[in-house]
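My entries follow in the order in which I made them.

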Amino acid sequence: MTKLEMPVAVLANEPAADILSTTELNVVDFDHPELCSGCDPVTCIVEGADFSGGNWRDVLVSLTEAFLQSKPKSTELYYSSLFHSGEHAFLLKDKPKLSARKLSNGYWINVNLSIKDLVITIGKLCKFCGIDLTDVTITYMPKQSAGGTRSMTGTKGTSTRFAQQSVRNAFRVWLTTHNPEWSSATVAMHCSDAYYLYNNCCGITLEDALTTTDGLQRAYDAIERFYTENPTQANNPSSSAQGYLRSLCLLKKFLDEHYPELTNTNTSAISPSAVPKAVINALKKNYASGFRFEATYINLLSNVSNTDVDIHMQEALKHMMFRRDDDLYFLLDTVADAAIRKDIIDFANRYLEEYGCFEILEFYKLYEDKVNSICIRNADDFESFYKQIETSGVRCVQAPYIGNRIARYSKGAVWNTFKDVAAKIVTVITDEYYGSCNEEDLHARFCAFSTDLLGKIIKQCAAEELIRVEINKSVCYQTFDALGLPENFSEQLANTLERLDEIGLEPTQDALHTAVSLKLGINFMAEYNLPDWETYRRLIAIFYKAEPHREWKSNIFGEAIN
């Protein structure tokens with residue numbers, strides 16, 4: 001058994017006498033260094049030599065010391081950076097201000113890096129010195145905490161059957177055979193990406209993604225959400241999710257063709273409707289606070305229900321119960337009765353039909369006191385529950401650039417949906433509130449959108465129809481007609497700017513505000529309840545219609561440079 005095979009065999013749950021069965025070793029995938037976050041290195045073997053260290057910094061230092069002695073190209077590190085955009089050489093003569101390690105030659109290396117960046121640096125160092133990364137095998141495991149090892153079993157669990165080395169090897173051959181035009185690097189990428197859910201906790205296991213009816217869609221949503229909440233400069237959440245899903249679909253197709261027994265494990269399972277009432281009653285009576293599909297729980301349930309809760313019945317129960325992200329399961333009636341569940345779905349469908357989306361947090365607030373707080377602790381739990389009981393293919397995503405979490409159908413871009421919402425907001429404020437509406441009344445009218453999200457939608461999608469003002473310390477949104485500006489304000493603004501040019505005054509926001517105020521005989525911002533300079537600048541830009549074209553830059557409303 002080679003060094004590379006040993007940890008993979010452990011991942012695949014195959015016998016390894018020298019490794020404790022509870023140890024969760026993983027092999028560094030330099031294409032996905034983010035998987036090492038929160039973990040410590042266990043072994044580091046490079047071209048057969050051992051460079052193991054207690055942490056990632058130790059590994060980097062050990063490799064650097066060794067390569068300086070054995071790799072001729074390493075001498076270039078005194079004046080070269082490992083990164084294309086690097087401003088400094090890898091080896092530093094003077095100690096940097098941030099965390100650094102001193103080498104035996106008196107030079108320093110910067111180690112003020114995240115675990116992900118340390119792993120990237122290790123990989124680049126090896127490649128720079130002429131080492132093929134296939135000759136670099138680093139194993140790692142979750143960091144130790146006060147209560148023991150931080151487990152990754154929530155990610156793996158029974159998914160290990162899909163990650164057996166024999167299955168992985170066959171998958172690689174299958175990819176190569178079916179795609180002869182692919183390079184070995186492309187094949188390796190798909191082999192790695194297909195097991196992303198196996199190595200990374202995103203809220204869905206590899207088993208669920210491959211075996212449940214909506215597993216692939218749930219996998220896409222989970223990965224997109226993970227990258228939205230953990231952004232990187234290189235990865236777009238949607239593109240990352242699409243990429244991983246493409247590889248996952250290839251794995252599923254391969255398994256369906258060659259290992260159907262792995263994906264079709266429930267062919268003899270009983271249907272949820274056939275679960276004995278004795279089991280349901282026992283769950284209601286004894287496990288209202290949650291049930292785990294673990295040996296102790298299952299044995300106790302079998303005893304109190306006088307029923308053999310075998311693997312097939314367990315699968316049936318899993319499909320009929322709500323699973324929380326901490327692997328606690330609840331009967332749906334324990335979470336909310338049938339009438340409340342119907343009301344949740346009906347309300348969501350009405351909002352989706354009328355507006356195309358709604359905000360998860362506000363949706364949760366509407367039903368917070370109607371669902372069991374023991375089961376539903378927060379908006380994330382409520383989102384998971386909603387996704388389980390709804391059947392219309394709704395996706396829950398984080399809105400790009402602003403972060404608010406929304407539910408929507410998979411049609412078009414999120415911001416196109418928001419534009420439609422903005423148009424409805426403008427109509428409501430114009431027709432129902434006569435051009436001026438405070439944000440609380442607007443929220444009451446659009447109750448599944450927070451005042452925060454409504455404000456962002458208006459700012460981004462209705463900037464030329466509505467303006468945010470403060471009246472008696474309350475935030476209001478007004479149409480420009482309701483603002484009460486002089487009818488010839490655009491003309492007066494143009495004249496004021498022309499006059500400032502004539503006398504040689506730069507039209508800064510303060511100078512222009514003073515000039516406009518004098519022109520109109522009022523304190524402009526105070527008179528029109530403008531809450532801040534940003535709102536003022538936006539109003540000026542909208543009402544300036546003359547030539548030459550102007551724009552705000554560094555708080556100066558100057559001529560635009562083409």
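I count two residues as in contact when heavy atoms of theirs lie within 4.5 Å. The model is a predicted one.

**Entry 1: Phe254 and its helix**

I started at Phe254, which sits in helix H9, residues 237–258. Is Phe254 buried or exposed? I take it as buried, because its relative accessibility is 2% and the cut-off for buried is under 20%. I then listed what Phe254 touches, leaving out residues up to four places away in sequence: Val167, Ala170, Phe171, Trp174 and Tyr259. I also looked at Leu175, which is 79 residues from Phe254 along the chain; the two C-alpha atoms are 8.6 Å apart.

I checked the length of H9 next. Its 22 residues should span 32 Å at 1.5 Å a residue, and I find 32 Å between the end C-alpha atoms, so the two agree. Phe254 is one of several buried residues in H9; among the others are Ser240, Ala241, Gly243, Tyr244, Leu251 and Leu255. I kept in mind that residues three or four places apart in an α-helix point the same way, because there are 3.6 residues a turn.

**Entry 2: nonpolar cores**

Which residues have the most contacts inside the largest nonpolar core? I noted Trp56, Leu63, Phe171, Leu197 and Leu251, in a core of 68 residues. H9 gives the largest share of this core, with 8 residues.

I went back to Trp56 for its contacts beyond four places in sequence. Its partners include Val28, Cys36, Cys39, Ile115, Leu118, Ile122 and Tyr140. Asp40 and Pro41 are also among the residues that Trp56 touches.

**Entry 3: the four-stranded sheet**

I traced an open sheet of 4 strands in the order S1-S6-S2-S3, with antiparallel pairing. S1 pairs with strand S6 (residues 136–142) over 2 bridges in the antiparallel sense. I looked for the residue opposite Asn26 and found Tyr140 in S6. Helix H2 (residues 56–70) lies across S6 and strand S2 (39–46), and I read an angle of about 20° between H2 and S2.

**Entry 4: strand S16**

I turned to strand S16, residues 474–479, where 5 of the 6 residues are buried, so I regard it as largely enclosed by the rest of the structure. Strand S14 (residues 436–438) runs antiparallel to S16 and is joined to it by 3 bridges. Cys437 has Tyr477 as its bridge partner in S16. Strand S15 (residues 466–471) pairs with S16 over 6 bridges, also in the antiparallel sense, and here Leu466 has Thr479 as its bridge partner. S15 and S16 form a hairpin with 2 residues between them, and I noted a positive phi of about 55° at Asn472 in the turn.

**Entry 5: Arg324**

I ended at Arg324, in the loop between strand S9 (321–323) and strand S10 (329–331). Why do I list Arg324 as buried? Its relative accessibility is 6%, under the 20% cut-off. A polar atom of the Arg324 side chain lies 2.9 Å from the backbone oxygen of Ile374. Leaving aside neighbours within four places in sequence, I have Arg324 in contact with Phe330, Ile374, Cys375, Arg377 and Asp381.

Note on methods:
Residues are numbered from 1 along each chain as its sequence is written. This is a predicted model: local features need pLDDT of at least 70, side-chain atom pairs count only at pLDDT 80 or more; totals for chains, interfaces and linings use all residues. Side-chain values use heavy atoms; hydrogens and water are left out. Buried means under 20% relative accessible area, exposed over 50%, partly exposed in between (1.4 Å probe, protein chains only). The expected span of a helix is 1.5 Å times one less than its number of residues. A nonpolar core is a set of buried Ala, Val, Leu, Ile, Met, Phe, Trp, Tyr and Cys residues joined through side-chain atoms within 4.5 Å. Two strands pair if DSSP finds at least two bridges between them. Axes are lines fitted to C-alpha atoms, for helices over the stretch in contact, and angles run from 0 to 180 degrees between N-to-C directions. A polar contact is a pair of N or O atoms within 3.5 Å; within protein, one must be able to donate a hydrogen and the other to accept it, and residues adjacent in sequence count only if both atoms are side-chain atoms.
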